[in-house]
Amino acid sequence: MVSDLISVNQPDPLQLILIDIKNTTCFNYSTGSIHVRAKGGYLNSQSYTYQIIGRESNYSGYFENLPAGDFIIEVKDEAGSIIKDTINIKQPDLLKIDSI
């Protein structure tokens with residue numbers, strides 16, 4: 001009887017890494033940005049698709065012209081595995097001027 005040892009390698013877990021968040025510069029402006037990267041996943045994919053749910057996807061992981069709020073970021077590797085995370089962009093308080 002001949003037996004062979006077969007090894008099945010599992011990919012590293014797909015991870016979403018937050019690189020940078022820029023909050024909005026003024027109340028109610030869309031000047032925020034999010035920059036994320038991925039690692040791991042299918043054969044340590046060299047190609048990941050990044051998307052903010054409800055917006056167009058990209059391959060850079062950089063999203064700009066965002067208003068304040070919560071954004072669900074989705075990353076997909078070459079095998080279709082998906083990881084999601086929620087990232088919040090803040091804004092300064094509304095500037096109020098009382099009459100003198």
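How many aromatic pairs does the count come to? The count comes to 1 aromatic pair. The partners are Tyr 48 and Tyr 50.

## Basis of the model

This is a predicted model, in which local features need pLDDT of at least 70, side-chain atom pairs count only at pLDDT 80 or more, and totals for chains, interfaces and linings use all residues. Residues are numbered from 1 along each chain as its sequence is written, and side-chain values use heavy atoms, with hydrogens and water left out.

## Overall form

The protein chain holds 0 helices and 7 strands. Helices (H or I, at least four residues) and strands (E, at least two) are DSSP runs, numbered from the N terminus. Read from the N terminus, the order of elements is β-β-β-β-β-β-β.

The radius of gyration of the protein chain is 20 Å, whereas a compact globule of 100 residues would have one near 13 Å. This radius is taken over C-alpha atoms, and the globule rule is 2.2 Å times the number of residues to the power 0.38. Along the principal axes, the C-alpha atoms fill a box of roughly 95 × 20 × 20 Å.

## Surface and contacts

The accessible surface of the protein chain is about 7500 Å². Carbon and sulfur atoms account for 50% of that surface. Areas come from the Shrake-Rupley method with a 1.4 Å probe; for residues, only the protein chains shown count as cover.

Of the 100 residues, 26% are buried. Buried means under 20% relative accessible area, exposed over 50%, and partly exposed in between (1.4 Å probe, protein chains only). A contact means heavy atoms within 4.5 Å. Among contacts between residues at least 6 apart in sequence, 52% join residues at least 24 apart.

## The three-strand sheet

E1, E2 and E5 form an open sheet of 3 strands in the order E1-E2-E5, with antiparallel pairing. Strands E1 (15–22) and E5 (62–66) are the edges; each has a single partner strand, so one side of each is left without a neighbour in the sheet. From one strand to the next, the twist averages 20°. Axes for such angles are lines fitted to C-alpha atoms, for helices over the stretch in contact, and angles run from 0 to 180 degrees between N-to-C directions.

Two strands pair if DSSP finds at least two bridges between them. Strand E2 (residues 32–39) and E5 are joined antiparallel over 3 bridges. Gly 32 stands opposite Leu 66 in E5.

## Phe 63

Phe 63 lies in strand E5. Its relative accessibility is 6%, so Phe 63 counts as buried. The C-alpha atoms of Phe 63 and Ile 100 are separated by 42 Å, with the two residues 37 apart along the chain.

## The four-strand sheet

A second open sheet has 4 strands in the order E4-E3-E6-E7, with antiparallel pairing. Strand E4 (57–58) and strand E7 (82–89) stand at its edges, each with a single partner strand, so one side of each lacks a neighbour in the sheet. Strand E3 (residues 49–52) and E6 run antiparallel, joined by 4 bridges.

E6 and E7 are antiparallel and joined by 8 bridges. Asp 70 stands opposite Asn 88 in E7, and Val 75 stands opposite Ile 83 in E7. E6 and E7 form a hairpin with 5 residues between them. Gly 80, in the turn, has a positive phi of about 95°.

## Glu 74

Glu 74 sits in strand E6 (residues 69–76). Its relative accessible area is 13%, so Glu 74 is buried. Glu 74 is the bridge partner of Gln 51. Not counting residues up to four places away in sequence, Glu 74 touches Thr 49, Tyr 50, Gln 51, Ile 53, Ile 82, Ile 83 and Lys 84.

## The tyrosine pair

A pair of aromatic rings is described by the distance of the centres and the angle of the planes. For Tyr 48 and Tyr 50, these are 6.5 Å centre to centre and 55° between the planes, a tilted pair. Rings of Phe, Tyr and Trp (its six-membered ring) pair if their centres lie within 6.5 Å; planes under 30 degrees apart count as stacked, over 60 as edge-to-face and the rest as tilted. Both Tyr 48 and Tyr 50 are buried.
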